[in-house]
Amino acid sequence: MSIDRRSFLKRSAATAAAFATPHPLLRAVLGSSLAHASPPGAILVLVQLEGGNDGLNTIIPVDDVAGFPQRSTYETKRPNLQVALTSGGPTSLGADPAKGNELALHPQLVEVKSRFDEGKLAVVNGVGYSNQSLSHFRSEDIWFGGLSSSQPFSTGWFGRWLDSEYTSTDLVAVDVNETLNPLFTCTDCNVLAVTDLDEFALPDDPNPLYQDPVAKKLALQTAYGYEADPLETSGVQLTIGTSGSVLLDKMDVYEAVNLGPSNLQGLTYSLAKRLRQVSSILRYDTLNPGSATGARFFHVRIGGFDTHSNQGTRHPDLMDKLSRALDAFYQDTVDLGISSQVLTLTFSEFGRRVAENGGPSNAGTDHGAASVLFALGGGVQGGIYGTLPDLTDLDDKGNLKFHTDFRQVYATVIDKWLGSPGDHVPILGGSFSTLGFLT
Amino acid sequence: MVTWNEENVVHLLSRAGFGAKPQEISGWVKRGQALSVNLLCFQKGATSKPPGKSNDSTQAGLESIETWWFKRMATANTRRLQEKMCLFWHDHFASSFDVVKNALWMSLQNRVFRLHGLGSFKTLVFEVTRDPAMLEFLDGKTNTKNRPNENYGRELQELFVLGVTDLNGTENYTQNDVVQLARCLTGWQIVSDEGVFTPSRFDGGNKTLFSGKSYQVGPANIGLVDSSGALLPGPQNLIDALFGHRDSDGERTMPRFLAKKLWEYFAYPNPSKALLDEIVVPFVGAGNPDTDFVISNLLQAIFLHDEFYSDQAKSSTVKNPVEYAASAMRALRVTSNYKPIPEHLLAMGMELFNPPSVNGWNQGLAWLSSGQLLSRFAFGQAIAAGRITSTDGFKLVPKQSFDDSSTSADAVVDQLLAKLHVADAVPPGARQALIDYFEGATNFKDPAVVEKKVRGAIALMLELPEFQLH
């Protein structure tokens with residue numbers, strides 16, 4: 001049985017009730033076609049927070065409880081960067097599942113807080129790995145590679161998933177990115193990496209007298225056909241020939257995808273624009289099942305999280321952008337009637353040090369260890385997963401200790417969202433216990 | 001030494017420069033290998049710098065320094081390796097305009113690479129450390145005794161001089177070394193567009209680097225300059241301490257690290273340890289940071305090595321966007337005012353002065369992700385269709401690249417493939433597709449055929465996998 005059908009069937013009973021009413025803006029456009037729309041199966045959107053997101057200012061302790069002076073420790077270590085919060089405030093999440101302190105989201109995470117209240121957002125505390133690397137590049141390699149921190153990077157965890165489930169002529173993953181993210185590095189898979197689908201087309205001579213698109217496209221496709229033939233070329237030539245050939249074939253399919261109406265429309269920053277590309281593909285595929293692109297796996301990233309200085313101004317802005325964009329994208333999936341098919345997962349290469357550096361005008365934080373992540377979607381079991389690590393029991397570098405290995409998160413996604421129990425073991429090179437934010 | 005022929009000259013000029021112009025090849029062949037390599041490697045530092053203005057953080061300011069520098073690379077002659085090394089150092093000692101927000105500082109950093117990029121590595125490291133763009137980019141200017149900031153110190157070890165691990169995978173330094181290094185680097189500020197050392201901000205206490213190792217330095221007041229601004233003599237000098245680091249084989253770490261990076265840039269990935277240990281010999285010399293570790297010596301060793309001319313080193317590496325664009329323009333004698341260049345470089349993934357992170361650009365096949373490959377096609381199309389030069393654009397004169405008295409498309413295709421140095425590599429089926437593209441045309445003096453089919457074929461050839469490689 002193909003992966004699409006397997007996962008769709010598993011969820012079809014649970015999801016009937018999860019269909020929300022389409023947003024009025026789209027209702028007129030979708031009309032009766034929604035009744036015939038067939039959602040494309042389990043969809044995954046990975047949102048990378050590049051630079052090391054400060055988890056401690058994302059999910060924040062509000063108070064002290066007996067035995068766990070989380071708030072007062074937080075305030076002592078962060079005289080300038082501490083976020084003011086009142087008990088039971090607008091972004092309050094409730095009690096830490098183990099320690100009991102009240103936890104809250106950063107005040108700018110207003111929109112995702114609403115999703116939390118609806119049970120569609122899971123926040124996961126204390127995520128990291130042992131032998132934490134404090135180097136961006138090494139730690140990214142670890143998160144992208146999905147192996148232990150002592151193993152060198154070779155293929156991406158998602159690249160290995162694609163290799164195991166798809167062939168070299170499939171194209172089911174899109175990286176809305178300038179350059180292909182290493183989490184997709186694989187042996188035999190294809191991933192489209194474009195920042196804007198409008199630019200996914202062949203250029204032609206600007207002078208209309210000399211435009212020759214038909215003959216040129218034929219020549220290019222024919223030539224690349226030979227370049228992709230292992231009897232004709234080898235090595236790097238063959239690699240470029242092969243991926244170029246698939247690209248040329250898929251170009252016609254993607255040509256039909258256009259932006260369309262979206263809740264992301266008013267947001268002009270990079271993350272929102274990139275999520276809108278994802279949303280456009282999902283919209284097209286949902287409304288045109290007969291000529292769908294078949295793309296189901298996406299990656300986008302937002303930079304700027306490496307807040308060594310001036311975190312007080314930079315981080316709240318990032319939280320605001322993240323919250324608005326994630327939620328608008330989620331709303332798009334609700335309007336399309338596919339929210340229960342779409343899982344959005346954030347991740348970052350590490351958190352940041354508990355103690356701030358610098359002074360009142362420029363305080364920031366250095367690289368840290370354990371951080372947090374979000375899982376958002378109609379199929380998510382919302383809630384707080386994992387305790388906020390003890391701020392009085394830091395590692396020898398002054399960083400938060402992890403309790404949830406990042407590979408547990410990947411295992412949860414692989415086993416419960418993309419595949420079946422146990423599927424994660426060959427992909428991650430080991431067995432990891434899964435979390436409850438998916439069933 | 002290898003047979004000094006056109007193939008090897010084209011290879012050298014492609015790697016040590018930005019591609020061979022057709023009319024210059026025979027001159028370099030005549031010159032012979034030793035003299036050619038020597039001429040390229042041993043150029044005096046140049047003081048030229050891009051025209052960046054003070055405090056200019058505008059897009060126009062960025063584009064003006066980008067076009068200045070690209071033009072210099074695309075038209076370089078005897079100083080081509082010096083310019084290529086500017087590009088290498090810019091990727092290695094990465095700083096980005098988006099963070100630095102100052103076109104003058106980016107220009108000054110570019111000049112550091114041009115002035116010191118072939119000379120003493122100790123001098124280069126020192127000048128980069130106190131360079132305003134770098135002080136801004138990696139928070140060196142806020143690193144003080146009372147509030148140390150680890151950003152630059154970490155990257156100095158991790159990315160610039162030692163690497164995270166040595167050739168055996170053993171870690172080169174600890175987090176404690178990062179902390180100690182940060183202390184050694186305190187005290188620098190940017191004053192009047194210069195990196196200035198202020199003793200009162202400097203942590204003058206004793207520091208220990210590589211504690212417990214045979215090459216431990218300190219406890220001592222390790223730093224860069226004394227209170228008069230003179231370079232501290234080693235072993236007090238931080239750079240001397242870094243250069244003294246030994247790896248798990250007992251070999252000097254920095255030369256192997258630098259040699260590997262340069263070999264991978266100019267030849268192919270994963271060179272053997274034996275090869276690296278060969279080429280570092282003239283670079284290490286007597287091991288005195290003040291007189292040895294001259295970059296030209298390492299480059300000369302690379303370009304004189306037979307392995308540099310092996311099959312593995314040829315047509316194996318993806319050209320970066322600057323190399324792709326410049327080599328196409330040089331091979332086809334394209335003229336331009338270079339104004340369209342910044343937009344093309346951005347689309348291809350290499351906006352000059354704006355590397356994506358302190359790790360520089362992702363090289364190799366990463367350049368050819370779908371969108372970026374298509375952007376190369378768009379550039380190739382733009383120059384192939386280039387018919388103007390005075391306004392924003394390119395000018396290509398097809399007749400300069402083929403013989404218009406030819407009577408068959410086969411001949412024309414072969415001439416053009418030869419001009420682009422890919423004739424031997426393109427598979428027969430692809431060559432035939434290019435011939436078929438001419439749809440039977442035989443009169444190459446007919447302007448309609450030239451404007452449509454010859455230019456079209458040039459664009460197609462620039463899109464083939466072979467032209468992406470060198």
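The legends below describe close-up views of a predicted model.

**View 1**

**View 2. Helix 5 of chain B against helix 7 of chain B.**
Helix 5 of chain B covers residues 80-92, and helix 7 of chain B covers residues 103-116. Their axes come within 9 Å and cross at roughly 130°. Helix 5 of chain B is therefore oblique to helix 7 of chain B. The crossing of these two helices is right-handed. On the side of helix 5 of chain B, the contact uses B:Q82, B:M85, B:C86, B:W89 and B:H90. Helix 7 of chain B answers with B:N110, B:F113 and B:R114. By class, the residues of this contact are 4 nonpolar, 3 polar and 1 charged.

**View 3. Helix 18 of chain B against helix 19 of chain B.**
Helix 18 of chain B, residues 341-348, packs on helix 19 of chain B at an angle of about 155°. The two axes are 8 Å apart. Angles over 145 degrees count as roughly antiparallel, so helix 18 and helix 19 of chain B are roughly antiparallel to each other. Helix 18 of chain B brings B:H344, B:A347 and B:M348 to the contact. From helix 19 of chain B come B:Q372, B:S375, B:R376, B:A378, B:F379 and B:A382. The contact residues divide into 5 nonpolar, 3 polar and 1 charged.

**View 4. The side of chain B that touches chain A.**
Here 45 residues of chain B are in contact with 47 residues of chain A. Five elements of chain B each give two or more residues to this side: helix 10 (151-161), helix 19 (370-384), helix 21 (428-437), helix 22 (447-463) and helix 23 (465-468). Helix 19 of chain B supplies the largest share, 8 residues. The chain B side comprises 18 nonpolar, 16 polar and 11 charged residues.

**View 5. The loop between helix 15 and helix 16 of chain B.**
This loop connects helix 15 (281-284) to helix 16 (295-304) of chain B and holds B:V294. B:F293 is found in the loop between these helices too. B:F293 is not a glycine, yet its phi is positive, about 55°. B:F293 counts as buried, because 27 C-beta neighbours lie inside 10 Å. B:V294 is buried as well, with 20 other C-beta atoms within 10 Å. Leaving aside neighbours within four places in sequence, B:V294 is in contact with B:G119 and B:S120. B:V294 and B:N110 are 184 residues apart in sequence. In space, their C-alpha atoms are 19 Å apart.

**View 6. A cis peptide bond in chain B.**
The bond that joins B:G218 and B:P219 is cis, with omega of about 10°. B:P219 belongs to strand 4 of chain B, residues 217-220.

**View 7. A positive phi in chain A.**
A:N310 sits in the loop between strand 8 (297-302) and helix 11 (311-336) of chain A. Phi of A:N310 is positive, near 55°, and the residue is not a glycine. A:N310 counts as partly exposed, because 15 C-beta neighbours lie inside 10 Å.

Terms used:
Residues are numbered from 1 along each chain as its sequence is written. Chains are lettered from A and ligands numbered from 1 in the order in which they are written. This is a predicted model: local features need pLDDT of at least 70, side-chain atom pairs count only at pLDDT 80 or more; totals for chains, interfaces and linings use all residues. Axes are lines fitted to C-alpha atoms, for helices over the stretch in contact, and angles run from 0 to 180 degrees between N-to-C directions. Helices (H or I, at least four residues) and strands (E, at least two) are DSSP runs, numbered from the N terminus. Angles under 35 degrees count as roughly parallel, over 145 as roughly antiparallel, 65 to 115 as roughly perpendicular and the rest as oblique. A crossing is left-handed if the near helix is turned anticlockwise from the far one by less than a right angle, and right-handed if clockwise. Two residues are in contact if their C-beta atoms, placed from the backbone, lie within 7 Å. Ala, Val, Leu, Ile, Met, Phe, Trp, Tyr, Cys and Pro count as nonpolar, Asp, Glu, Lys and Arg as charged, and the others, Gly among them, as polar. A residue is buried if 20 or more other C-beta atoms lie within 10 Å of its own, exposed if 12 or fewer, and partly exposed in between; C-beta atoms are placed from the backbone.
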